[in-house]
Amino acid sequence: MSRRRPATTPAYYRAYVRHLAIDIGGSKTAAAVVSEGAITNYTTWPSPSNASESLDRIIATCLPMIDGITACGVAFGGVFDFSQQRCVRSMHVSGWEGTDISSVLERALGIPVVTDNDANVAALGEYSLLDRREDPLLYVTISTGVGAAIIAKHQLIRGAHSMSGELGHLPLGHDKLCNCGQVGCFERAVSGYWLETDHGRPAADVLADPEHHRQWIADIATGLWSASVVLDPAVIVIGGGMSAQGEELLSPLTQALGQKASQSDRPPPALRLGDPTGRTVLVGAAILAREAEHGSR
Ligand SMILES: [Zn+2]
């Protein structure tokens, strides 16, 4: 795995001192204190089956952790309207629709809180680990579903409706119906959920078959190349559970993107693997917390 940390910690990164970071996922929730990129007080638990219980558990867990904390950043695993700070929907847990997570936590914890979609937050964490010349960043998470985020010059590009970079529903041209109602989506071809649904066995088993793996790589390359034609990223970082494939993903995908680039007479973006453990999203949540401190949300 090829990752580069800055030789010296940049000033924008040193500023994030003792923030509370929370990651609300479909299957698990995590919280930690993040200080200058270092994670302490890490704790995780299975996500409760409804929003109300989730918030109660987060508050009970985090209240003893907030001594000396200046702000909190939250990553939410679902569709999230950043400008309104409201959950649109969670794919896995009921009751989040319309919830203003930040206001609920601000009242309970007594510190500024800002929330964003988990792909955006993970992208902030990954961006902080990159060389400064690797800008813009396209972050793509391939897991149960597909999420993505774009960062240029230290700013997330959220779009007019907090929907920028929703690559999961980029049309690839195949004929399978996605659960968004469209036919041919990127996510429909490459996500873990759909691999398991289509083949009736775990995604890892499906991808152990060389022919399925070859097609999976080809579909990911088509999606990433389509996005690259629009965005011209300097680097694409692939995160999410499927990035645990390591070189078995990175090497053929780099080759496939290189081929598409040479056919188009364009330079290919650099390709890197993100953190499959989910801890980088907590670093991103701490970076997001700065927006709460500065009142920019
Ligand atoms: Zn779709």
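Modeller: We can go through the metal site, the core, the surface and some backbone details. Keep in mind that this is a predicted model.

Biologist: Which residues are the protein donors of the zinc ion?

Modeller: His169 through ND1, and Cys178, Cys180 and Cys185 through SG. They lie 2.0 to 2.4 Å from the zinc ion.

Biologist: What is the arrangement of the four donor atoms?

Modeller: Tetrahedral, because the angles they subtend around the zinc ion run from 105 to 116°. The ideal angle for four tetrahedral donors is 109.5 degrees.

Biologist: What spacing do the donors follow along the chain?

Modeller: H-x8-C-x1-C-x4-C. His169 and Cys185 both sit in the loop between β10 (155–156) and α5 (186–190), so that pair ties together parts that are 16 residues apart in sequence.

Biologist: Is Cys185 buried or exposed? And what about His169?

Modeller: Cys185 counts as buried, because its relative accessibility is 1% and the cut-off is under 20%. His169 is partly exposed, with a relative accessible area of 25%.

Biologist: New topic. How many residues are in the largest nonpolar core?

Modeller: It has 33 residues. Those with the most contacts inside it are Val140, Trp216, Ile220, Leu224, Ile238 and Leu253.

Biologist: Which element gives the most to this core?

Modeller: Helix α8, with seven residues. Other elements that give two or more include strands β8 (137–142) and β9 (146–152), and helix α9 (247–264). As background, nonpolar side chains in soluble globular proteins tend to be buried together.

Biologist: Last topic, the backbone. Which peptide bond is cis?

Modeller: The one from Asp135 to Pro136, with omega near 5°. Pro136 is in the loop between α4 (118–127) and β8. Most peptide bonds are trans.

Biologist: What about phi at Glu36?

Modeller: Glu36 is not a glycine, yet its phi is positive, about 50°. Glu36 is in the loop between β2 (28–35) and β3 (38–46), and is partly exposed at 45% relative accessible area. Asp232 also has a positive phi, near 50°, and is placed in the loop between α8 and β11. Most residues other than glycine have a negative phi.

Definitions and conventions: Residues numbered from 1 in each chain as written. Predicted model: local features only at pLDDT ≥ 70, side-chain atom pairs only at ≥ 80, totals over all residues. Heavy atoms only, no water. Donors = N, O, S within 2.8 Å, 3.2 Å for Na, K, Ca; no water. Tetrahedral: all angles 85-135°; square planar, octahedral: opposite > 155°, others 65-115°. Helix = DSSP H or I, 4+ residues; strand = E, 2+ residues; numbered from the N terminus. Buried < 20%, exposed > 50% of the residue type's maximum accessible area, 1.4 Å probe, protein only. Core = buried A, V, L, I, M, F, W, Y, C linked by side-chain atoms within 4.5 Å.
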